[in-house]
Amino acid sequence: MLLSLGVAAAQQAPKPVVDPASSQDEIRQFCTNIADPARDQRYLLQKQELEKLQADVDQRIATMDKRKAEYEDWLKRRDDFLKTADLGLVDIYKNMKPDAAAASLNDVRITVAAAIIMKLSARQSSLILAEMDAKKAAAITNIMASASDPNTSKSKDPS
């Protein structure tokens with residue numbers, strides 16, 4: 001019986017009293033101890049996010065630079081192509097009859113023929129192309145269309 005009284009007394013032993021002030025101090029101390037590592041972790045996450053954004057911006061800039069280079073190359077090739085048809089040469093073909101001009105342009109390099117025809121008036125160009133060999137006229141038309149198309153990339157040769 002004494003044993004059962006001892007167990008009963010042990011079960012009813014008063015629980016230690018927790019002082020709310022000391023509990024608040026412990027919480028404050030804990031928060032103070034983890035503030036610097038938490039801030040460091042937050043900065044690290046922000047830095048990683050900024051690095052991802054910078055990589056994305058760099059990739060987009062590279063794409064834009066590539067497209068700019070392709071456009072500049074296309075523009076240079078187009079200008080060179082149009083310069084091929086010197087004004088004096090264009091004047092010669094401008095004054096020729098369409099059948100004679102077509103026969104002459106059939107034997108000229110296709111890019112030169114396209115450049116000359118492109119500088120003539122639409123009426124003269126159509127008359128000359130009508131007199132030319134159909135395959136050569138189609139090829140010249142394709143070159144002229146490519147020369148005026150800004151989406152033509154440098155990988156496509158106009159000839």
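In this predicted model, helices α5 and α7 are roughly perpendicular to each other, because angles from 65 to 115 degrees are counted in that class and their axes cross at roughly 70 degrees. Helix α5 covers residues 110–119 and helix α7 residues 134–147, and the two axes come within 9 Å. The crossing in which α5 passes α7 is right-handed. On the α5 side, the contact is formed by I110, T111, A113, A114, I117 and M118, while α7 contributes K136, A139, I140, I143, M144 and A147. Sorted by class, this contact of α5 with α7 holds ten nonpolar residues, one polar residue and one charged residue.

A further crossing involves helix α4, which spans residues 98–106, and helix α6, which spans residues 122–131. The crossing of α4 and α6 is right-handed, and the residues that make the contact are P98, D99, A101, A102 and L105 of α4 together with L127, I128 and E131 of α6. Six residues of the contact of α4 with α6 are nonpolar and two are charged, with no polar residue present.

The axis values for each pair are set out here.

| Helix pair | Axes come within | Crossing angle |
|---|---|---|
| α5 and α7 | 9 Å | roughly 70 degrees |
| α4 and α6 | 8 Å | roughly 65 degrees |

As for the rings, a search of the whole structure finds one aromatic pair. Separately, R42 lies over the face of Y43, at 6.0 Å from the ring centre.

Key. Residues numbered from 1 in each chain as written. Predicted model: local features only at pLDDT ≥ 70, side-chain atom pairs only at ≥ 80, totals over all residues. Heavy atoms only, no water. Phe/Tyr/Trp six-rings, centres within 6.5 Å; stacked < 30°, edge-to-face > 60°. Lys NZ or Arg CZ within 6 Å of the ring centre and 35° of its normal. Axes fitted to C-alpha atoms, helices over the stretch in contact; angles between N-to-C directions. Helix = DSSP H or I, 4+ residues; strand = E, 2+ residues; numbered from the N terminus. Parallel < 35°, antiparallel > 145°, perpendicular 65-115°, else oblique. Left-handed = near helix turned anticlockwise from the far one by under 90°. Contact = heavy atoms within 4.5 Å. Nonpolar A, V, L, I, M, F, W, Y, C, P; charged D, E, K, R; others polar.
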